[in-house]
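Hi everyone, thanks for making time this morning. I'd like to talk about aromatic rings today, so let me put the sequence and the structure up on the screen.

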Amino acid sequence: MRVFGDDGFRDIFGKGFLSKKFLNFFFSNLNVFLKSAKIKKVIIGYDTRISYKKIISIILTNFNFSGDIEILDKPVPTPCVSYLSRKKINTFFIMITASHFDKKFNGFKFFYKGKKLTKKYEKDILKSKIIKKKEETNKRIKVRYIKDYYLYENYLNNNFKNERSTKNILLDFAYGSASSMIGNIKFFKNIDKIKYSYNYNNINFKCGSNFFEKNLENKKYNRYDYVIAFDGDADRAVFYKRQYGIIESEKMCIIFAKFLKSKSVISTNISSPDLKNYLNDNQIKCYQTQVGDRNITELQKKKLSKIGFETSGHYSFNNYMDGIFAAGLFIDILKKNEDLINKTLSIKFRYKLHKLNFNEKKIQLLKKIKFNKYKYLKVLVRKSIWSNIFRIYFFYLKNNQAQFSKLLSQVKKLLK
């Protein structure tokens with residue numbers, strides 16, 4: 001049974017990996033792991049899903065180690081927990097979130113020693129031997145509510161000041177956990193905001209990064225010079241410029257890299273070939289890794305890169321993904337060097353992306369097509385982390401659109 005995806009796991013609350021039976025099993029195992037690792041404190045964060053209350057109850061029921069349990073007393077973005085994990089190295093962090101998924105889902109991201117769990121720790125947790133005899137609850141356990149999120153808020157405020165931009169900017173909060181920080185983060189105050197009145201039952205509902213393209217047809221959005229949309233836990237940010245459209249994540253990466261004067265960039269193998277070509281031409285090294293933000297951040301730390309990213313809109317600046325920092329930095333660039341943004345958006349990308357999903361049972365059929373004989377085409381096949389499907393990523397030269405359309409028809413017919 002594969003529990004962990006790239007980082008943590010998620011499911012519909014009450015079913016599968018989020019059923020009470022599985023959660024009892026998992027957190028009993030985690031309890032054993034915490035004891036064996038001699039961890040003295042656990043801190044729990046959560047986003048704006050009502051199911052967090054029942055999940056915390058299950059966690060507490062299965063914990064009986066001698067350490068302390070602290071719970072952040074309001075919803076927090078995943079980047080907040082990431083940041084705190086770097087400040088409290090000997091603490092185990094649990095973030096309850098299903099990220100960009102809708103309200104029916106929930107899940108977990110785990111942090112230890114300043115980063116997401118390694119694969120070894122994941123295996124250790126699942127292999128932990130639960131003591132069959134039920135232990136009496138340890139009365140020394142202390143559970144208290146804390147406000148340590150102020151450390152993350154101060155970190156953002158020290159980087160980005162409350163200065164009004166000359167541009168009209170809208171920020172979509174996806175009814176997610178970044179909404180809880182509106183009153184405390186300075187750069188939020190002088191920009192317009194939408195979808196921030198969360199009620200623990202509306203996270204990602206027809207808003208945020210998932211519905212960005214659709215909502216940009218709405219006058220509430222498209223009358224702005226720039227729009228930025230988070231997902232539910234705000235580790236993702238997607239950017240739009242009027243009269244340009246949604247900005248490609250590859251171009252956002254170039255903007256950040258140039259502004260930060262980074263000598264290298266970390267991307268995934270599903271990034272456009274245009275990115276690597278451009279960076280090479282501009283003497284910026286481009287390192288690529290497998291999809292998954294854990295892969296990005298580990299390589300970023302190794303290569304000392306100032307920027308790493310995934311094409312979904314995850315940007316890493318300090319070895320963890322942070323949509324709020326990305327938004328603050330972009331607004332800062334708008335104030336200080338808007339010309340950099342305009343010049344980057346004028347870059348002509350030669351490749352276009354087309355994605356195709358198919359059932360894993362048909363993967364052998366793809367071998368009948370020799371993709372490497374098509375010089376205008378780059379192809380990558382990968383399995384989805386969260387479902388039993390495969391995805392084909394076709395990067396084809398735009399001036400070969402007709403040839404690609406013909407090939408795509410053959411592929412669809414084969415996989416039908």
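Let's start with Tyr152, which is buried, with a relative accessible area of 0%. Please keep in mind as we go that this is a predicted model.

How many aromatic pairs does the structure hold? There are 44 of them. Let me show you one in helix H1, residues 20–36: Phe22 and Phe25 are three residues apart there, so again we have about one helical turn between them. Their ring centres are 5.7 Å apart and the planes meet at 50 degrees, so this pair is tilted. As for accessibility, Phe22 is buried at 9% relative accessible area, while Phe25 is partly exposed at 33%.

Back to our tyrosines for a moment. The ring centres of Tyr152 and Tyr155 lie 6.1 Å apart with the planes at 35 degrees, so that pair is tilted as well.

Before I hand over, here are some charges over rings. Which residue lies over the face of Phe101? That's Arg10, at 4.8 Å from the ring centre. Over the face of Phe349 you'll find Lys251, and there the distance to the ring centre is 4.9 Å.

How values were computed: Residues numbered from 1 in each chain as written. Predicted model: local features only at pLDDT ≥ 70, side-chain atom pairs only at ≥ 80, totals over all residues. Heavy atoms only, no water. Phe/Tyr/Trp six-rings, centres within 6.5 Å; stacked < 30°, edge-to-face > 60°. Helix = DSSP H or I, 4+ residues; strand = E, 2+ residues; numbered from the N terminus. Buried < 20%, exposed > 50% of the residue type's maximum accessible area, 1.4 Å probe, protein only. Lys NZ or Arg CZ within 6 Å of the ring centre and 35° of its normal.
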